[in-house]
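This report describes a few local features of the structure shown below. It begins with the ligand and goes on to a helix pair and a salt bridge.

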Amino acid sequence: MIHVAGIDIGSTYSKAVLIDEHGNVVGRGVRRTGFKLAQASEAVFDELVANAGVARTDVTYVASTGYGRHTVPFRNTQLTELTAHAHAAVHLFPDTRTILDIGGQDIKAIRVDGDGRVKAFRLNDKCAAGTGAFLEKTARYLGLTTDDIGPYASRSTNPKPVSSVCAVFAESEVISHLASGVPAEDIMMGAMVALGGRAVQLMRRVGLEPGYMLTGGMTRNVAMIKALEENLKDTLRVAPDGLGQLNGALGAALLGLRRVQKLIAEGRPIAAVQTPADGEHAKRRRWSAIAVRRTEPCRGDGCSVATKLQPRPSAVAA
Amino acid sequence: MTTATLEHGPAGSAADAFDPRSEGQRLIKAWYADLEQANERRQPVANVFVMGNAIEILRAFDFKLVFPEINSLQTGVRKASEEYIRLSEDYGMSPDVCSYVKADVGLMLKENRHPAGNIPKASLAIASNMCGTFIKWAEIWERWLKTPTFVLDLPGQRAAGWQVRPGDAQHASDARWVEAQFTELIARCEAITGRKLDLDRLAEIEERVNRMVFHWNNVMRLNRACPAPYNAMLDGLTFIGIMNVYRGAEEGVEFMRRLDEHLQAKVARGEGRVADEHYRLIFSGTPCYVSMRRLVELFETWGGVFAYSDYLTFAAGGMDATDIVYDTSRPLESLAEVTALAAHRGLSNQFFAHERLAGQIRDYGADGVVFHGIKSCRFVSSGMADTREYLSRRLDVPTLYIESDLIDPRYWSDAQIKNRVDAFFEALHQRGGGPVGRKANEERRASA
Ligand code: SF4
């Protein structure tokens with residue numbers, strides 16, 4: 001029995017998905033990342049195996065992705081979330097061509113081909129105004145939790161635009177709207193409209209090719225999806241069964257599975273997924289640029305990512 | 001027209017003993033040490049920019065040359081730039097102003113104390129219209145330090161596909177325009193130094209530039225080999241430093257000659273900068289001197305090497321054109337003719353650059369182009385989006401856009417840049433990337 005885990009260590013949340021040899025999702029886990037990335041990956045992995053009802057030793061292969069991909073100590077391979085999102089999106093909806101992923105600290109637009117290969121991508125500039133953090137900040141000012149944002153904003157009848165391009169300045173704008181008596185739901189919805197506008201602008205920069213899909217935590221926010229669709233003037237596909245937030249982890253797992261199948265077909269060994277000794281979590285240092293340099297490329301079964309991400313033969317010939 | 005001294009010996013063990021990096025560092029150190037003495041020795045000093053600078057005339061008058069852009073980038077290389085930049089921001093300069101200017105303003109606020117040594121006060125500053133910022137920058141020196149400015153107005157690219165042909169009517173009239181300005185400059189230099197221009201001296205300097213440019217062209221061409229013997233954005237930055245600072249000096253000729261030999265030997269041995277070259281790339285834009293080593297490392301981890309960069313052309317004042325050879329029998333006229341050509345060459349790498357970049361992709365067998373945008377350098381960065389669009393949509397060339405700064409470490413975001421670089425290589429790999437580099441590597445292995 002093959003089990004492949006995809007672990008996505010994002011800036012705000014760590015997500016994990018376990019799939020079987022047919023690519024079916026058999027387990028999942030989500031938790032806040034915090035600032036100890038190696039520990040976050042261990043914790044979300046523990047949550048994943050508990051959720052799937054398997055032992056750690058039952059996991060054949062681990063593919064990591066996200067900003068903290070290098071810090072997953074037990075990974076066999078690593079890949080960026082752009083590649084992972086693209087692959088999962090086309091796996092779930094084969095006609096997906098443009099993906100929008102709104103994360104805690106960044107926002108990505110990815111154009112893909114029918115094989116799930118990345119054709120073009122753009123990430124937001126070094127500003128948080130177009131990211132999930134912007135909405136979270138606005139919500140915090142209004143005394144709302146992240147989960148309340150969507151239902152609360154849905155009550156808005158007259159969204160109040162937030163025009164600033166800077167998340168910090170936008171906060172002052174929110175305060176000034178509140179002071180002049182604008183209802184909080186209109187401010188919240190206004191923030192979503194602003195975020196939606198920036199997101200769609202980013203999508204335009206990769207080229208708006210119909211077959212749109214939204215991934216990331218925002219898939220749980222119905223009001224945000226509505227704001228985006230209005231701006232896009234088209235519908236956005238969202239992964240079923242709450243998988244939207246787990247899309248990156250799913251893509252990593254699927255690419256990991258492909259790698260496992262290739263290793264098996266070639267009769268090559270698969271390195272065992274490591275289990276840390278007791279207390280080892282505590283010894284791991286915080287992630288830093290230096291740590292990144294020391295840990296890459298990953299050493300799972302002796303080859304670099306470049307050789308692990310096997311393109312389909314047709315792609316190589318192209 | 002002189003063609004002398006273009007011969008060079010066979011690549012041999014002397015070439016192997018030459019270490020361009022340490023030799024380059026030694027020369028830069030020596031140059032700063034020499035500058036430190038200039039005011040004390042009452043030598044004339046001139047501030048010049050790397051593009052459009054009339055160095056040959058200044059050298060003929062024995063001016064010591066200060067390159068403020070190089071001073072600024074050296075604060076970055078030496079990890080001291082933030083202190084200088086902050087000083088200028090405290091003075092009131094906006095974060096959006098070119099950080100070279102800000103580091104230089106910081107240097108003035110620190111009374112010319114630079115990490116590499118004290119920078120002498122200049123008695124003349126040559127600016128040019130190659131970048132509008134140069135003129136504003138020179139204006140600050142004039143006001144703060146009373147350094148008189150001389151602005152050269154150099155003709156550049158007039159339209160897309162516009163070619164300047166040596167000797168045609170347009171070039172002749174451009175050269176006359178430049179020569180008239182040089183005549184005025186010479187009068188200024190004569191007034192400062194109390195000496196007449198020695199035309200034989202100018203011809204000697206030009207002769208040395210001819211030799212240097214000959215080797216410089218070879219150096220650029222040698223990186224068309226696969227694997228590339230050097231990284232244009234790491235080793236290349238040392239080379240271009242020498243090309244600028246020692247242009248027309250015997251040490252510069254010798255450095256370039258030995259470098260040329262050294263690289264020829266490397267190419268003959270099939271030795272690349274990257275042990276296993278998978279991807280050949282072109283870097284478009286100005287470097288991030290404060291993190292260049294790290295940036296290059298991010299690419300080399302994937303077997304990616306920068307085979308060429310337009311920076312090596314425009315920041316060397318456009319001297320890498322084969323038709324740039326001084327006719328030393330007519331030193332002044334020829335200087336004007338070549339300056340008009342070089343200015344055009346330097347600027348054409350930035351204006352209407354699409355076709356030229358497409359040609360360079362072919363020449364260097366590049367698998368993709370990396371654009372490095374710098375918000376505060378509009379001269380280089382403004383057109384990037386359009387060029388990028390042209391390359392990716394029209395020519396299907398993979399491109400990557402990253403953003404940081406020349407020397408301001410606050411703009412370097414390691415995780416974000418790494419993510420973009422990794423995703424770029426994953427996409428390159430998925431599309432079967434690196435065809436040129438890989439094919440050549442395979443052929444090399446097969447024949448080994
Ligand atoms: S070219 Fe760019 S870096 Fe150089 S002076 Fe002009 S603005 Fe500054």
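## Ligand, helix packing and a salt bridge

The residues that surround the ligand are B:Cys98, B:Tyr100, B:Cys131, B:Thr133, B:Phe134, B:Cys377, B:Phe379 and B:Leu406. This shell consists of seven nonpolar residues and one polar residue, with no charged residues. The model is a predicted one.

Two helices of chain B pack against each other. Two packed helices are described by the angle between their axes and the distance between the axes. Helix α2 (residues 20-38) of chain B meets helix α4 (residues 68-77) of chain B at an angle of about 120°, and their axes are 13 Å apart. Angles of 65 to 115 degrees count as roughly perpendicular and those over 145 as roughly antiparallel; α2(B) and α4(B) are therefore oblique to each other. The crossing of α2(B) past α4(B) is left-handed. The table lists the residues that make the contact.

| Helix | Contact residues |
|---|---|
| α2(B) | B:Ile28, B:Trp31, B:Tyr32 |
| α4(B) | B:Ile70, B:Asn71, B:Gln74 |

By class, the contact of α2(B) with α4(B) holds four nonpolar and two polar residues, and no charged ones.

Over all chains, the count of salt bridges comes to 47. One salt bridge joins the side chains of B:Lys110 and B:Glu83, at 2.6 Å from N to O. B:Lys110 lies in the loop between α6 (99-109) and β3 (113-114) of chain B, and B:Glu83 in helix α5 (residues 81-91) of chain B, so this pair ties together parts that are 27 residues apart in sequence.

Conventions. Residues are numbered from 1 along each chain as its sequence is written. Chains are lettered from A and ligands numbered from 1 in the order in which they are written. This is a predicted model: local features need pLDDT of at least 70, side-chain atom pairs count only at pLDDT 80 or more; totals for chains, interfaces and linings use all residues. Side-chain values use heavy atoms; hydrogens and water are left out. A residue is near a molecule or strand if one of its heavy atoms lies within 4 Å of it. Ala, Val, Leu, Ile, Met, Phe, Trp, Tyr, Cys and Pro count as nonpolar, Asp, Glu, Lys and Arg as charged, and the others, Gly among them, as polar. Axes are lines fitted to C-alpha atoms, for helices over the stretch in contact, and angles run from 0 to 180 degrees between N-to-C directions. Helices (H or I, at least four residues) and strands (E, at least two) are DSSP runs, numbered from the N terminus. Angles under 35 degrees count as roughly parallel, over 145 as roughly antiparallel, 65 to 115 as roughly perpendicular and the rest as oblique. A crossing is left-handed if the near helix is turned anticlockwise from the far one by less than a right angle, and right-handed if clockwise. Contact means heavy atoms within 4.5 Å. A salt bridge is a side-chain nitrogen of Lys or Arg within 4 Å of a carboxyl oxygen of Asp or Glu.
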